[in-house]
Amino acid sequence: MFRIGMLTSGGDCQALNAAMRGVVKGICSKIQNVEIYGFQEGYKGLIYSNFKMLTSKDFSGILTLGGTILGTSRQPFKMMRVPDEDGLDKVEAMKHTYHKLNLNCLVVLGGNGTHKTANMLREEGLNVITLPKTIDNDLWGTDMTFGFQSAVDIATDTIDRIHTTATSHSRVFIIEVMGHKVGWVTLHAGIAGGADIILLPEIPYDIDVVVDAINKRKDAGKRFTIIAVAEGAISKEDASLSKKELKAKQAKNSYPSVAYEISEKIQKKTDQEVRITVPGHTQRGGSPCAYDRVLATRLGAAAAEAIMDGDFGNMVAVRNNETVRVPLAEVAGKLKYVTPTSDIIKEAKLTGISFGDA
Ligand code: F6P
């Protein structure tokens with residue numbers, strides 16, 4: 001009997017089910033007797049031994065289904081070594097569940113935080129294989145994460161819809177796109193949706209440069225300006241503060257989110273009306289786009305192959321359109337940021353998009 005544990009952890013995204021289906025179909029096409037233990041709500045299920053026994057049938061018909069059939073939760077890595085309210089050692093509890101069930105391996109689908117814990121479990125001696133999921137596309141070691149393209153499509157659709165109303169009014173429209181630490185979704189949706197200004201965490205903005213770009217459009221007879229803002233967009237002024245100073249400043253501000261702060265700044269410096277749209281979790285909802293279905297299926301099958309090879313301790317990733325195995329020790333704790341000097345930024349600037357930086 002071959003026993004696999006599986007869990008999805010962190011924020012959900014599209015194509016999690018498609019990826020798990022890929023893993024299970026891949027394994028069940030080669031191995032007859034497989035037991036699948038689906039841990040509920042991420043690492044929580046592994047800690048508290050909360051699982052469902054699943055069969056290959058449970059993974060049929062879920063290719064296009066959004067969310068995750070296992071449920072998920074955020075279990076911060078920094079809290080993993082801190083006992084729970086009943087004094088339970090979470091790491092020991094996870095190891096205990098794994099050994100008690102006599103698992104051959106644990107398949108973990110997750111983003112950055114999830115990978116830190118996966119690597120810790122590897123160090124603790126468990127056979128772990130991971131798959132890169134997140135709409136943020138910020139996992140180091142893979143060109144692409146599944147969920148990203150679907151989120152980009154949704155954010156782009158939001159910008160497209162704003163465009164038609166924007167052309168009817170003389171207004172500035174701000175669309176706040178998900179991404180606290182990295183701006184990949186904002187960058188791609190901004191370019192795809194024809195945003196005039198894109199503000200990213202990786203490129204601190206100068207509000208006067210933003211205002212200048214708005215005014216230039218007005219002077220050129222354009223009736224509206226569309227700004228795609230990442231949740232983590234930051235001003236040059238704030239970027240120059242220490243972490244402690246920034247935290248103290250943010251604790252005092254009463255803006256619901258960054259778009260409101262930027263809106264107020266623009267309204268103070270221009271005569272333009274500003275409107276804000278925050279698509280929020282719609283960006284993680286619904287069916288995966290075709291690209292993500294393909295990527296997730298490929299990565300799922302590649303994970304199945306690695307499991308059957310007995311090659312553990314890796315994240316299956318895609319690089320130059322090939323699936324590869326990247327050691328978890330290399331992946332854990334690293335983020336993949338937008339590089340301000342990269343070609344995509346240069347090309348976007350050449351087409352007239354302002355990043356508020358110069
Ligand atoms: O990590 C994915 C992500 O959607 C980020 O883009 C976003 O900042 C965050 O999760 C939102 O987290 P939550 O779903 O916990 O509100």
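Student: Where is Thr55 found, and why is Thr55 called partly exposed?
Tutor: In this predicted model, Thr55 is found in the loop between S3 and helix H3 (90-100). Its relative accessible area is 43%, and because buried means under 20% and exposed over 50%, Thr55 is called partly exposed. Thr55 and Cys28 are 27 residues apart in sequence, with their C-alpha atoms 9.6 Å apart in space.

Student: How many aromatic pairs does a search of the whole structure find, and what makes the pair of Tyr37 and Phe51 edge-to-face?
Tutor: The search finds 2 aromatic pairs. In the pair of Tyr37 and Phe51 the ring centres are 5.4 Å apart, which is within the limit of 6.5 Å, and the planes stand at 70 degrees, which is over 60, so the pair is edge-to-face. Tyr37 lies in strand S2 (residues 34-39) and Phe51 in strand S3 (residues 51-54), so the pair ties together parts that are 14 residues apart in sequence.

Student: How do you know whether Tyr37 is buried or exposed, and what about Phe51?
Tutor: Tyr37 has a relative accessible area of 7%, which is under 20%, so Tyr37 is buried. Phe51 has 27%, which falls between 20% and 50%, so Phe51 is partly exposed.

Student: What makes Phe39 and Phe51 an edge-to-face pair?
Tutor: Their ring centres are 6.0 Å apart, within 6.5 Å, and the angle between the planes is 75 degrees, over 60, so this pair is edge-to-face. The pair links distant parts of the chain, with Phe39 in strand S2 and Phe51 in strand S3, 12 residues apart. Phe39 is called buried because its relative accessible area is 0%, under the limit of 20%. Tyr37, Phe39 and Phe51 form one aromatic cluster.

Student: Which residues lie over the face of Trp140?
Tutor: Lys334 lies over that face at 3.8 Å from the ring centre, and Arg319 lies over the face of Trp140 at 6.0 Å from the ring centre.

Student: Which residues of helix H6 are buried, and what do they pack against?
Tutor: The buried residues of helix H6 (residues 184-192) are Trp184, Val185, Thr186, Leu187, Ala189 and Gly190. They pack against several elements, including helix H5 (148-166), strand S6 (171-177) and helix H13 (343-350). Just after H6, Gly194 takes a positive phi of about 70 degrees.

Conventions
Residues numbered from 1 in each chain as written. Predicted model: local features only at pLDDT ≥ 70, side-chain atom pairs only at ≥ 80, totals over all residues. Heavy atoms only, no water. Buried < 20%, exposed > 50% of the residue type's maximum accessible area, 1.4 Å probe, protein only. Helix = DSSP H or I, 4+ residues; strand = E, 2+ residues; numbered from the N terminus. Contact = heavy atoms within 4.5 Å. Phe/Tyr/Trp six-rings, centres within 6.5 Å; stacked < 30°, edge-to-face > 60°. Lys NZ or Arg CZ within 6 Å of the ring centre and 35° of its normal.
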